[in-house]
Structure formats: structure tokens, C-alpha cells
Amino acid sequence: MSMHPQGARAELLAAAADHSWSVPIPPLADPDTAHDASVLILFGVLDRIPAPTVDAAVARDLDVLLQRRAPTLSSHPGQVSFPGGRTEAADADAVATALREAEEETGLDPDGVEVLATLPVIPLAASNHLVTPVLAWWQSPSRVVAVDHAETVEVFRVPVAQLLDPATRFTSTLSRAGRTFRGPAFDVDGTIVWGFTAMVLDALFDATGWTVPWDAADERPIEL
């Protein structure tokens, strides 16, 4: 599962530098009024995996930080997402937004996070945001927990090996206004990861060469 002898961190850096990858998301209906936002895509070594150096870790040794949004939120209620949110005036850049939001939502210590790259901006039509994914490596993992239950109800580290398992993967279908939208999705022990988060993970796994062939013909409807 490892193409680069340097390990998973090097593969993430190489994927970020490869500008050929993209996330197939429709354009914004009203880009002139869109808000900027950032999300933190944070990979770390599983606690139970001994890694003599960060470069020794391969994809199956990693996990990624995700959270479940509160069901009362107006935007993407109840969905699993990366930590992140809207840019504020005091934020110096997209990285600052991602780290600030992640700290506010999960309590992580940003000093333990190594930012690898900012990925190309992705339009998020459902909430009219232009989202910058910030790819990062958890050098010194800190305790994480849902800080504000009005926004986040659960924070969890999902093993990458579980996300790559073909048995976890399927194609989500969502029917609205006579149209059906399809996209990659993951069933993590009954927790469904779909939409923007799943699309970004799917594209990133393809770009890193980590993807294990899975059955895209397995379609399941999303219940909102």
C-alpha cells in the first residue's frame, strides 16, 4: 500500500504537489456572495502502532480526525465532517482558520500539528462556501473531545485502513428535486461518511495511491 519508500507522510506531500487531482463538486450558484472557509485534514499515527520515525509510517498505520456535527445546525446538520469553519477577519490565512476552528471544536493543540499543504479551493454549493482544505500531519497528538456540543457532538480518529477497506465503501445516492446525486461514501461501523468529506477523502486516497479497488456499483440511499 506504500508507493514511496519514505512512507505515508511523503505520499501525502506528493499528492498535494500533484495538481491533477480534483474533487467533482458542482459550482456555486451564487459565487459573489460565497464565504471563505477552511477544513483541517489531519492524519496521525494510530496510538497502538509503534513508529520509530514519522517516515516509517505507511497508510495502514494512520488515522484521520473527523467529527459529527450537531443535528441542530442549519448547515450540514448531523453530518460527519473535518474540523473547520468559516474564515474570520482576524485569521491570517486559510491555515490559521483551519487550526483555530479545529482547536475550538476538538480542543487539539495546534502546536503539535505540522501543516503539509493547502489544497485547491473547493466550492461547497450546499452552504455557499469556498473551502480550502488544509492537509496536515499530527506530529504530537493531543487529546481531542467535542468542546461545544452546540456545534459538535462527537470527535473521533478513524483508522485509514478501515476507510480503505472495500467492505466499508459504497456509492451514496441522494435524490432532490427530481435529480439523483451520487458520490463516494464510507460506512464506519454504522457511522456514514458521505458528501464533501467523503469526496475529499476519496480524491486524496486516489492521489496518494492508497485506494483499494471497491464496488462503486453498490449504491445506497442517504437518509437525511
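## Close-up views of a predicted model

**View 1. The nonpolar core around Phe43 and Trp210.** The largest nonpolar core comprises 44 residues, and those with the most contacts inside it are Phe43 and Trp210; a nonpolar core is here a set of buried Ala, Val, Leu, Ile, Met, Phe, Trp, Tyr and Cys residues joined through side-chain atoms within 4.5 Å. Buried stands for under 20% relative accessible area, exposed for over 50%, and partly exposed for values in between, with a 1.4 Å probe and protein chains only. Helix 4 gives the most to this core, with 8 residues, helices (H or I, at least four residues) and strands (E, at least two) being DSSP runs numbered from the N terminus. A second, separate core of 15 residues includes Leu40, Val95, Ala102 and Ala136. This is a predicted model, in which local features need pLDDT of at least 70 and side-chain atom pairs count only at pLDDT 80 or more, whereas totals for chains, interfaces and linings use all residues. Residues are numbered from 1 along each chain as its sequence is written, and side-chain values use heavy atoms, with hydrogens and water left out.

**View 2. The aromatic pair of Phe43 and Trp210.** The structure holds 3 aromatic pairs; rings of Phe, Tyr and Trp (its six-membered ring) pair if their centres lie within 6.5 Å, with planes under 30 degrees apart counted as stacked, over 60 as edge-to-face and the rest as tilted. Phe43 and Trp210 form an edge-to-face pair, at 5.9 Å centre to centre and with 90° between the planes. This pair links distant parts of the chain, since Phe43 is in strand 1 (residues 35-45) and Trp210 is in the loop between helix 4 (195-208) and strand 12 (219-221), 167 residues apart. Phe43 is buried at a relative accessible area of 0%, and Trp210 is buried at 1%. Ring pairs link Phe43, Phe186, Phe205 and Trp210 into a cluster. Leaving aside neighbours within four places in sequence, Phe43 is in contact (heavy atoms within 4.5 Å) with residues including Leu12, Val64, Leu135, Trp137, Leu204, Phe205 and Trp210.

**View 3. Strand 1 and its pairing partners.** Strand 1 is mostly covered, with 9 of its 11 residues buried. Strand 1 and strand 7 run parallel and are joined by 9 bridges, where two strands pair if DSSP finds at least two bridges between them; His35 stands opposite His129 in strand 7. Strand 4 (residues 84-86) pairs with strand 1 in the antiparallel sense over 3 bridges, and here Ala37 stands opposite Arg86. Strand 2 likewise pairs with strand 1 in the antiparallel sense over 3 bridges, with Phe43 opposite Val64.

View 4. The buried residues are Ala8, Arg9, Ala10, Glu11, Leu12, Ala15 and Ala16. What covers them includes strand 1, strand 2 (62-69), strand 5 (113-118), strand 7 (129-138) and helix 4.

**View 5. Asp63 in strand 2.** Asp63 lies in strand 2 and is buried, with a relative accessible area of 3%. The side chains of Asp63 and Arg157 make a polar contact of 2.9 Å, a polar contact being a pair of N or O atoms within 3.5 Å; within protein, one must be able to donate a hydrogen and the other to accept it, and residues adjacent in sequence count only if both atoms are side-chain atoms. Residues up to four places away in sequence not being counted, Asp63 touches Leu42, Phe43, Gly44, Leu46, Arg157, Val158, Pro159 and Val160.

View 6. A polar atom of the Thr168 side chain lies 2.8 Å from the backbone oxygen of Gln162. Beyond its neighbours within four places in sequence, Thr168 is in contact with Gln162, Leu163, Ala185, Phe186, Asp187 and Val188.

**View 7. Glu219 and Arg182.** Glu219 lies in strand 12 and counts as partly exposed at 39% relative accessibility. The side chains of Glu219 and Arg182 are joined by a polar contact of 2.8 Å, while the two residues are 37 apart in sequence and 8.3 Å apart in space, C-alpha to C-alpha. Residues up to four places away in sequence again being left out, Glu219 touches Thr171, Thr173 and Arg182.
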